[in-house]
Amino acid sequence: MIESGDMNDMATLKTNASGVIRQLRPSDLSKFREHLGRLDIESRRDRFNGPSSDAFVEAYAERAFRAGTTVIGYVENGEVLGAAELHEIDGDGEPTGEIAFSVERTLQHRGIGSRLFQRLIWHAHALGYTQLRVTTHPQNQAMKRLASKFDARLRFEGGETVGLIELEPAEEVFAPQMMSQARFLAA
Ligand SMILES: CC(C)(COP(=O)(O)OP(=O)(O)OC[C@H]1O[C@@H](n2cnc3c(N)ncnc32)[C@H](O)[C@@H]1OP(=O)(O)O)[C@@H](O)C(=O)NCCC(=O)NCCS
């Protein structure tokens, strides 16, 4: 389970990439679409868990922005070069977020995926999720490594790798921060 102390440790993640990690705005749609379109064949297959046409990727990007998905971007010189997404899985049980990641090939292995993962966890806490799921294929070593860095438990389901991440309840994470802010405002 990811706890607030772990997140503080993660805040020190090192990277040699100079761009910023920020939530994407509605006006970033075209940049997000271009990012997904630039993924090389292998990364695109890993991201979408199978082959995907340009038309599919374009329609996916539009849907993601319309359907209440949280999209975090790695933005450098005004271009989106990496992204992390969180959307709710339909179902009657415990609200569960599905998460997905993409970093363009030339920028992989520089810690950007880890920074995106960290930020997405914060957003998931803010939205009150206590569990997240990430799905990929069993050979995706990069995703498996990334997930294990953040304590995700991986298991196999019908030829897919499904990583489950448990989060502690949001109020335990955010209450102390809100209290210290309140003290600051009262001073
Ligand atoms: C998965 C992905 C987002 C990781 O992004 P990244 O920026 O390379 O990640 P990081 O640089 O933060 O690396 C995270 C860890 O994975 C490891 N890693 C990265 N690529 C790897 C690879 N091909 N094989 C094995 N380990 C790998 C890194 O060494 C690092 O571990 P460490 O900190 O112990 O050294 C990126 O590889 C990607 O976009 N892949 C294509 C799409 C995809 O597979 N998405 C996930 C499924 S939705």
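This is a predicted model: local features need pLDDT of at least 70, side-chain atom pairs count only at pLDDT 80 or more; totals for chains, interfaces and linings use all residues.
## Helix 3

A residue counts as buried here if 20 or more other C-beta atoms lie within 10 Å of its own C-beta atom.

Just after helix 3, Asn49 takes a positive phi of about 60°, although Asn49 is not a glycine. Asn49 sits in the loop that joins helix 3 (41-48) to helix 4 (54-66). Asn49 is partly exposed, with 15 other C-beta atoms within 10 Å.

## Helix 6

The buried residues of helix 6 include Met143, Leu146 and Ala147. Around the axis these residues cover an arc of only 95°, which puts them on the same side of helix 6. The face turned away from this buried side carries the exposed residues Gln141, Arg145 and Ser148.

Asp151 follows helix 6 and has a positive phi, near 70°.

## The ligand shell

The ligand is surrounded by 22 residues, and the closest are Asp46, Gly113, Ser114, Ala142 and Arg145.

Helix 3, strand 4, helix 5 (112-126) and helix 6 each supply at least two residues of the shell. Helix 6 gives the most, with 6 residues. By class, the shell has 7 nonpolar, 10 polar and 5 charged residues.

## Helix 2 against helix 4

The axes of helix 2 (residues 29-38) and helix 4 come within 9 Å and cross at roughly 145°. The crossing of helix 2 with helix 4 is right-handed. On the helix 2 side, the contact is made by Leu29, Phe32, Arg33, Leu36 and Gly37. Helix 4 contributes Asp54, Val57, Glu58, Tyr60, Ala61 and Phe65. Sorted by class, this contact has 7 nonpolar, 1 polar and 3 charged residues.

Val80 is found in strand 3. Is Val80 buried or exposed? Val80 is buried, with 25 other C-beta atoms within 10 Å, and the cut-off for a buried residue is 20 or more. Leaving out residues up to four places away in sequence, Val80 touches Leu24, Asp28, Lys31, Phe32, His35, Gly73 and Val75. Among them, Phe32 also takes part in the contact of helix 2 with helix 4. Val80 and Ser30 are 50 residues apart in sequence, and their C-alpha atoms are 9.4 Å apart in space.

Asn77 lies in the loop between strand 2 (70-76) and strand 3 (79-88). Phi of Asn77 is near 50°, a positive value in a residue other than glycine. Asn77 is exposed, with 7 other C-beta atoms within 10 Å.

Terms used
Residues are numbered from 1 along each chain as its sequence is written. Helices (H or I, at least four residues) and strands (E, at least two) are DSSP runs, numbered from the N terminus. A residue is buried if 20 or more other C-beta atoms lie within 10 Å of its own, exposed if 12 or fewer, and partly exposed in between; C-beta atoms are placed from the backbone. Axes are lines fitted to C-alpha atoms, for helices over the stretch in contact, and angles run from 0 to 180 degrees between N-to-C directions. A crossing is left-handed if the near helix is turned anticlockwise from the far one by less than a right angle, and right-handed if clockwise. Two residues are in contact if their C-beta atoms, placed from the backbone, lie within 7 Å. Ala, Val, Leu, Ile, Met, Phe, Trp, Tyr, Cys and Pro count as nonpolar, Asp, Glu, Lys and Arg as charged, and the others, Gly among them, as polar. A residue is near a molecule or strand if its C-beta atom, placed from the backbone, lies within 6 Å of it. The arc is that of the directions from the helix axis to the C-beta atoms.
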